[in-house]
Amino acid sequence: MTTPEANSENPNHRPGQLAMGIGALIVAAVLAWGAMDIPSDAGYAGVGPNFLPWVISAALGLCGVMLIREVLTGGYRQMEEPSGAARGDWRALAWVSAGVLLNAALITTIGFILSCSLCFVLAVRGLRASEGKPAGDLRQTAKDAVTGMLIAAPVFWLFTQLLAVNLPGITASGWI
Amino acid sequence: MMDTLTQLLGGFATAGTPINLLWAFAGCALGTAIGVLPGLGPAVTVAMLLPITGQVEPTASMIFFAGIYYGAMYGGSTTSILLNTPGETGTMVTALEGFKMAKSGRAGAALASAAIGSFVAGSIATILVTLFAPLLAEFAVQLGPPEYFCLMLLAFTTVSAVLGQSTLRGLTALFFGLALGLIGIDQITAQVRYTAGVLEFMDGIEVVLVAVGLFAVAEALYNALYEGRSPAFMNKMTRAHMTRSEWRRSWPAWLRGTAIGFPFGTIPAGGTEIPTFLSYATERKLASPEHKAEFGTVGAIEGVAGPEAANNAAVTGTLVPLLTLGIPTSVTAAILLSALQNYGINAGPQLFQTSSTLVWALIASLYIGNVMLLVLNLPMVGLWIKLLKIPRPQLYAGILIFATVGVYGMRQSSFDLFLMYGLGLLGVVMRRYDFPTAPVIVGLILGPMAEAQMRNALSIGEGSFMVFFERPMSATLLAVVVLVLLVPRLLARRVAVAQ
């Protein structure tokens, strides 16, 4: 816990903090831009469907301005130092991201089990690399793929067979 | 009074059927497991399992979900005592003393005090829910849209302004959540808002998607990005056993923790952070001089017993506003609410009349679940500790698979999976720059409800905002909102001046 008046000490966070403030402003602007197209027909209520969008847009814009003001006057107030390393391991993040995004792109074509196993293999690779261990040779990758399938397949069967939730398979049998 | 007892017995009859007992047990076991595992909380787990609402009848699935919610609190304390990486915000305080106790070879005593304390607090709190929830429901029937709107306003304020480090960042998160809640079809005029022509946005953004993205996916991404080199250290487990003096020191702390936790759970201020911290501070103050030295050094058992009890009592207490007002005050309660919505059940004062079987079975299952969890967590604690041996890369990669099931299974759209990734990235930067994530979820789920209540209230007031000030109840609530916003500031200023 920091004292109420303490500022964030690490100046490395400043650009990121600034970006968060600007992000809030952008969202506020998008909200305002969208709100212009919403009719204000109020009925008995006095305020229509465009009322809250304008309020939120204004509030978020104000938050953005205040955040930027805090950054310019010494950084975020009452800031808890984030856990973990000071510098991000971007390669590890790229592997995990590739896993999630490929999964999203391929799930309908190659089916849930294969797609999730692929996601598992890529994500494990990234997470292992982030620990400074070797990401894995061919043997390790094959082992990861089997592990991924051993998790994905029972989950797939549980949801499709028992709970009748539609998950995509390669065949329509609901087993693979 | 007699009426309540009859209803409760009816609830036990429903919850006691073999199939429902099985659901309760499955929920408790799964809840304990995910509580022990870092990276998955009860909210995300329930969110990912929401698809079962299509297949399982409401009573069974609510019993199952409540078991998960409860079990995670029990399991979470195990992790914070042994690993010092609390999975839940509510067990953060337990880690303060519990980890130190475990380090000095008293892990077993800490775990026992936590589990038994959770049992005591959970059971007492359930009795209180049984007694007070029906009364509150009867009272709540009289509340109109203006009062509801003010109650929700209070929930917004406390979730974003009181919890967390900075009011500004809390409010930013809240308004972002509210903005997400705008997407889709307006409840009152059926006006389409912010869909940008994307068909998937028509139904609005599902709370499941946001919860899974912000918590589970963000956790995996954050771990890859920043936590790889963080050293993991695990304390040695000892036999779960308390000495006579440890019992003597624990039980008053359990009772005090319950007394602090329950009221905080029931008011729409929500959250377990404040009561657990309050309980910790109380125990530290009340400890006898010889035990006071143990705080922060070798670990004091009161510092585990009190906050753990406060945590469980508060968690149980959150069921009161959820069931009687339909207002969720924690992220998990918000997800439980959307589970009810999936069944077309409107949580609110009428719930005790329209779905009384479900409500009473749920309450009865809490009594049963507490007993189950005590057994699961004391004699069988060794089993759960094995879960902590799962290597980190496999654990988080596995979580991504479960995240996919939850999000894709919801409405079979791979668009949602991309959105989930985007929210995951957002979760990473929010965590890095210390923005709380709970207000996003609460804003998303309560926002549309609050908007509908506000516009209905304005219709009652014929378009005048005075309607919120003219009714005594809503005016009082508004005053409380202002107090909640101002008092901490004034106190801080006084402290600053005094220094």
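Helices are DSSP runs of H or I at least four residues long, and strands are runs of E at least two residues long, in each case numbered from the N terminus. The legends below describe close-up views of a predicted model.

**Figure 1. Chain B, with 23 helices and two strands in its secondary structure.**
Taken along the principal axes, the C-alpha atoms of chain B fill a box of roughly 65 × 60 × 50 Å. A compact globule of 499 residues would have a radius of gyration near 23 Å, and chain B, with 22 Å, agrees with that expectation. Of the 499 residues in chain B, 62% are buried, and among the contacts in this chain with a separation of 6 or more, 80% are made by residues 24 or more positions apart.

**Figure 2. Chain A, with four helices and zero strands.**
Read from the N terminus, the order of elements in chain A is α-α-α-α. The radius of gyration of chain A is 24 Å, whereas the globule rule gives 16 Å for 176 residues, a value that chain A is well over, so this chain is more spread out than a compact globule. The C-alpha trace of chain A spans about 55 × 50 × 25 Å along its principal axes, and 38% of the 176 residues count as buried. When contacts in chain A between residues at least 6 apart in sequence are considered, 64% of them join residues at least 24 apart. The domain assignment divides out domain 1 (11–72) and domain 2 (90–162) of chain A, and the centres of these two domains, taken over C-alpha atoms, are separated by 38 Å.

**Figure 3. The largest nonpolar core, which has 223 residues.**
The residues with the most contacts inside this core are A:Ala123 together with B:Val210, B:Ala211, B:Val212, B:Val217, B:Leu400 and B:Ile441. Helix 3 (residues 90–130) of chain A gives the most to the core, contributing 20 residues. Because domain 1 (11–72) and domain 2 (90–162) of chain A both give residues to the core, it lies between them. In soluble globular proteins, nonpolar side chains tend to be buried together. A closer look at B:Val217 shows that, leaving aside residues up to four places away in sequence, this residue touches A:Val100 of the partner chain and also B:Val212, B:Leu400, B:Ala403, B:Met420, B:Tyr421, B:Gly424 and B:Gly427.

**Figure 4. The interface, where 61 residues of chain B are in contact with 68 residues of chain A.**
On the side of chain B that touches chain A, at least two residues each are supplied by helix 8 (167–182), helix 9 (207–227), helix 19 (392–411), helix 20 (414–432), helix 21 (438–460) and helix 23 (472–498) of chain B. Helix 19 of chain B provides the largest share of this side, with twelve residues. By residue class, the side of chain B that touches chain A comprises 31 nonpolar, 19 polar and eleven charged residues.

An α-helix has 3.6 residues a turn, so residues three or four places apart point the same way.

**Figure 5. B:Gly67, a residue within helix 4 (residues 58–82) of chain B.**
B:Gly67 has 27 C-beta neighbours inside 10 Å and therefore counts as buried, the cut-off for this being 20 or more. Apart from residues up to four places away in sequence, B:Gly67 touches B:Ala24, B:Gly27, B:Cys28, B:Gly31 and B:Gly369. The C-alpha atom of B:Gly67 is separated by 9.6 Å from that of B:Pro42, although these two residues are 25 residues apart along the chain.

With 8 other C-beta atoms within 10 Å, B:Ala190 is exposed.

Conventions: Residues numbered from 1 in each chain as written. Chains lettered and ligands numbered in written order. Predicted model: local features only at pLDDT ≥ 70, side-chain atom pairs only at ≥ 80, totals over all residues. Rg over C-alpha atoms; globule rule 2.2 N^0.38 Å. Buried ≥ 20, exposed ≤ 12 C-beta atoms within 10 Å, placed from the backbone. Contact = placed C-beta atoms within 7 Å. Core = buried A, V, L, I, M, F, W, Y, C linked by C-beta atoms within 7 Å. Domains from an automatic or database assignment. Nonpolar A, V, L, I, M, F, W, Y, C, P; charged D, E, K, R; others polar.
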